[in-house]
Amino acid sequence: MDRRDDGPRKTQTWHTFIHKHAKEVWSCDFLTQYTAFFAVVYVFVITEVGSRRIVHVNATTNPTLPRVKQQIREATT
């Protein structure tokens with residue numbers, strides 16, 4: 001069976017989704033920073049998309065999955 005083109009799709013675009021739910025959506029990122037002694041420090045940042053408010057920030061020299069999970073738990077409590 002051939003699919004006919006019935007015009008534009010009735011689904012929501014990514015832009016519309018973010019606009020509607022920006023206050024409930026968070027983003028996270030790891031940044032790297034070098035100290036005065038050239039050691040690498042990993043900075044974990046969680047921000048609220050709608051207000052661009054920083055929700056949580058933490059730095060470590062040894063990022064591990066259990067540590068990231070703990071940081072997310074701390075940010076959501």
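Which residue in β2 is the bridge partner of Leu31? In this predicted model, in which residues are numbered from 1 along each chain as its sequence is written, the bridge partner of Leu31 in β2 is Val43. Local features were considered at pLDDT of at least 70 and side-chain atom pairs at pLDDT 80 or more, whereas totals for chains, interfaces and linings use all residues; side-chain values rest on heavy atoms, with hydrogens and water left out.

The protein chain contains two helices and three strands, where helices (H or I, at least four residues) and strands (E, at least two) are DSSP runs numbered from the N terminus. Read from the N terminus, the order of these elements is α-β-β-β-α. The mean pLDDT of the chain, pLDDT being the predictor's confidence in each residue from 0 to 100, is 88, and 88% of the residues reach 70 or more. Confidence is lowest in helix α1 (residues 14-21), with a mean of 86, and highest in β2, with 95.

The three strands form an open antiparallel sheet in the order β1-β2-β3; two strands are taken to pair if DSSP finds at least two bridges between them. β1 (26-34) and β3 (54-60) are the edge strands, each pairing on one side only. From one strand to the next, the twist averages 15°. Nine bridges connect β1 with β2 (residues 40-48) in the antiparallel sense, and six bridges join β2 to β3, which also run antiparallel. Val43, the partner of Leu31, has Ala59 as its bridge partner in β3. β2 and β3 form a hairpin with five residues between them, and Arg52 in the turn has a positive phi of about 60°.

Helix α2 (residues 65-76) packs on this sheet and touches β1, β2 and β3, contact meaning heavy atoms within 4.5 Å. The direction of α2 makes about 150° with that of β3; axes are lines fitted to C-alpha atoms, for helices over the stretch in contact, and angles run from 0 to 180 degrees between N-to-C directions.

Among contacts between residues at least 6 apart in sequence, 20% join residues at least 24 apart. Of the 77 residues of the protein chain, 17% count as buried, that is, under 20% relative accessible area with a 1.4 Å probe, protein chains only. The chain exposes about 6,900 Å², of which carbon and sulfur atoms supply 57%; accessible areas come from the Shrake-Rupley method with a 1.4 Å probe.

Technical notes
Buried < 20%, exposed > 50% of the residue type's maximum accessible area, 1.4 Å probe, protein only.
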